[in-house]
Amino acid sequence: MIGAATSRCLMLLLLLLLCTFAVGCGQQSNDLKTAYGKRTGNQAGSVNGTKGLSEMFREAGYYVRSYGVVSPSMLRHDVIVWFPNSFDGPSPEFRTTILNWLQEEEGRTFIYVGRDFDASIQYWGDVLDKVDPTQKFDVMRQRSLAIESFDQLRNYQPAKADYGFYTIQRDAPRRIAKSLRGPWAEGVDAAKTQIELRSKMIPIEEDEIYDNFDAFKEEDDDEEAGDEESLPVHLVEDSEVLLGTGQEAIVARLGSDYSDNQIILVNNGSFLLNLPLVNPEHRKLAAKLVNQCDQTYYAPDSVAFLETDSGVRIMNADQSTDGNSGWEWLSKWPLNLVGLQMAWWLIVLCFALYPIFGRAKRLPSAETSDFKKHIDSVGDLLQATDDHGYAQLRVQQYHQVMKGDTVYRRSKGRRGDGK
């Protein structure tokens, strides 16, 4: 179990707070990171990132890793957290994958967080009253641009859509949850929260979930459509509102009394993303989400954060085992028997031929008393002038000096005229 705020998570979030407000008060507005659903890389500190939530999972003892596709290695985790950067919900194929994954082992949790929130809008609204009056116009402009960009993405979505696990209604006004209800509302001051809602999420009943699942199975594979054993057991038999406001659900749980597996649906990330987690009341709700994954008899120990954009790519086992590194030939017979031995002897050969072992040798020093070297150096210098006439004149002057005659010097004329 995890408390309301661990020390490490609190330090991380406070650091994030200082960094984000420093952007609005003293730096250029284009320095604000707004990438959605990222927990690693240079966008981990984005106001729309998930670094804060992942650190809360880590502090609770989980091993945390991020994935961009659904792969067999991702499906070995006990908890999957999905923050899609898209308003589209889970596709029929992805829903089937999740149901099969839940059926494989007990104590698994799938968490879906809707996209219908943009923390950059909240950020510009928060810093508006904290910046210098000369910067207010720029902050207002940035907030308007953020609202326009978000609305453009949202306006392309249908007013109502059915995504198997839930139904979404987007033709609802923007509102702030003034009161909270449900098991998660205990110990949380609703007046201090800023949970923003733009759409209504309606969790569906168990019969509808498996009707959609069976229909997909028939369309996907006619041979397995009549195979009752290939269908998952009833993992979802009831729906529970963990956190709600009025008559609508903010967080809902789909589960069963006969299984510890569960599906948790969150309307949006207005209390789970990096910037909203600066609010202590939001951290209490995030801690409740982490604690919800810890089942009574099956304690999970690993969490996978799935980061996707427009769609979910699902890789099967064959695709994951056939690598693309270029070294697959070493695993083929007969090279797999001698490949490592050959590589070892090649390494030994390279070390024997190229490196210098032992104390470095001292090269013989050059003798300065050799007059031949002086002549060779003067010859090289004369050759470098590329002037045959000048070279002959210098040789004649040398002979005259050696005989004691008067030395003739060419005073006028450029080098190169005697070529």
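How many residues has helix H5 (residues 136-155), and what distance does H5 reach from its first C-alpha to its last? Point 4 of this note takes that up, after some remarks on the model as a whole.

1. Basis of the model. This is a predicted model, in which local features need pLDDT of at least 70 and side-chain atom pairs count only at pLDDT 80 or more, while totals for chains, interfaces and linings use all residues. Residues are numbered from 1 along each chain as its sequence is written, and side-chain values use heavy atoms, with hydrogens and water left out.

2. Overall picture. The protein has eleven helices and twelve strands, where helices (H or I, at least four residues) and strands (E, at least two) are DSSP runs numbered from the N terminus. Of the 419 residues in the protein, 42% are buried; buried means under 20% relative accessible area, exposed means over 50%, and partly exposed lies in between, with a 1.4 Å probe and protein chains only. The protein exposes about 24400 Å², of which carbon and sulfur atoms supply 52%, the areas coming from the Shrake-Rupley method with a 1.4 Å probe, and for residues only the protein chains shown count as cover. Among the contacts (heavy atoms within 4.5 Å) with a separation of 6 or more, residues 24 or more positions apart account for 70%.

3. Strands pair if DSSP finds at least two bridges between them, and E2 is joined by four bridges to strand E3 (residues 109-113), the two running parallel. Ile 80 stands opposite Phe 110 in E3. From E2 the chain crosses through helix H3 (residues 92-104) to E3, and this β-α-β crossover is right-handed, a term for a path from the first strand over the helix to the second that runs clockwise with the strands pointing away from the viewer. Four bridges also join E2 to strand E12 (residues 302-306), again in a parallel arrangement, and Val 79 stands opposite Val 303 there. As for the connecting helix, H3 has 13 residues and reaches 19 Å from its first C-alpha to its last, close to the 18 Å expected at 1.5 Å a residue, the expected span being 1.5 Å times one less than the number of residues. The buried residues of H3 include Phe 94, Ile 98, Trp 101 and Leu 102.

4. Helix H5. To return to the opening question, H5 has 20 residues and reaches 28 Å from its first C-alpha to its last, close to the 28 Å expected. Val 139, Gln 142, Ala 146, Phe 150 and Arg 154 are buried in H5. These residues lie on the same side of H5 because they cover an arc of only 105° around the axis, the arc being that of the directions from the helix axis to the C-beta atoms. On the other side of H5, Phe 137 and Asn 155 are exposed. The buried residues of H5 pack against helix H4 (119-127).

5. Gln 122. Which residues does Gln 122 contact, leaving aside its neighbours within four places in sequence? Gln 122, whose place is in helix H4, counts as buried because its relative accessibility is 16%, and it is in contact with Phe 117, Gln 194, Leu 275 and Pro 276.

6. Strand E10 (residues 248-256) is mostly covered, nine of its nine residues being buried. Seven bridges join strand E9 (residues 238-245) to E10, which run antiparallel, and Leu 254 in E10 is the bridge partner of Ser 239. E9 and E10 form a hairpin with two residues between them, and Gly 246 in the turn has a positive phi of about 65°. Five bridges join E10 to strand E11 (residues 259-266), which also run antiparallel, and Arg 253 has Ile 264 in E11 as its bridge partner.

7. Asp 386 is found in the loop between helix H10 (371-385) and helix H11 (388-403). Its phi is near 60°, a positive value in a residue other than glycine, and Asp 386 counts as exposed because its relative accessibility is 51%.
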